[in-house]
Structure formats: C-alpha cells, structure tokens
Amino acid sequence: MSKHTSIKTRIEVAKANQTQPKILFPFIGYEREDQPEGLPFKLTDYLELIDLTGRVLREDKRGNIDMSLAPRPFIKSSTH
C-alpha cells in the first residue's frame, strides 16, 4: 500500500472505528439536491471498491489480494 495515498489513513481510521480525518475530502453519501461538497458515495463503498480492485489479476500489476481471503472486516463495520 502506497504511503502517498489516503487509503492507508482511511483504513487505519476505519479499523479504529474513528471518524475520518478532516484533512481528507469527506464521503457524503449518495447524490441529492442539497449535496454538500465531498465524494458522492459512502466510505464503505469506497473500501469495498479498493478491496475488489486489489483482487484483480493483471499481467501489468505487481500483485493481488488472494481471492480465498475474506473481505477485510473494516469494510463491513465502518460507517464513518
């Protein structure tokens, strides 16, 4: 995992069941009329996307998450 992306911080905070840091662009849920500024999906959806894309096998990719491993527990439990 790159130290230059927010995913490492987001995962560590989610594992600790803490609110996402204010220095990162917030997840605001699904699109709506009175939408505040932020990423238009939920944190859990983002973490699931990262997990799923990490499992993709490609020749031009260094590695992947083994498909036999269960999804990370913080994906199911994180609501912040």
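Reader: How many helices and strands does the chain have?

Author: Helices (H or I, at least four residues) and strands (E, at least two) are DSSP runs, numbered from the N terminus. Here there are three helices and zero strands.

Reader: Where is confidence lowest, and where is it highest?

Author: The predictor's confidence in each residue is given by pLDDT, from 0 to 100. Its mean is lowest in helix 3 (residues 73–77), at 55, and highest in helix 1, at 87. Where pLDDT is low, the predicted coordinates should not be read in detail.

Reader: Is Arg10 buried or exposed?

Author: Buried means under 20% relative accessible area, exposed over 50%, and partly exposed in between, with a 1.4 Å probe and protein chains only. Arg10, in helix 1 (residues 6–15), is buried.

Reader: Which residue has the nearest side chain of opposite charge to Arg10?

Author: Lys and Arg count as positive, Asp and Glu as negative; His and the chain ends are not counted. For Arg10 that side chain belongs to Glu12, 11 Å away. Arg10 has no salt bridge, a term for a side-chain nitrogen of Lys or Arg within 4 Å of a carboxyl oxygen of Asp or Glu. A polar atom of the Arg10 side chain does lie 2.8 Å from the backbone oxygen of Phe25.

Key
Residues numbered from 1 in each chain as written. Predicted model: local features only at pLDDT ≥ 70, side-chain atom pairs only at ≥ 80, totals over all residues. Heavy atoms only, no water. Polar contact = N/O pair within 3.5 Å; in protein donor to acceptor, adjacent residues only side chain to side chain.
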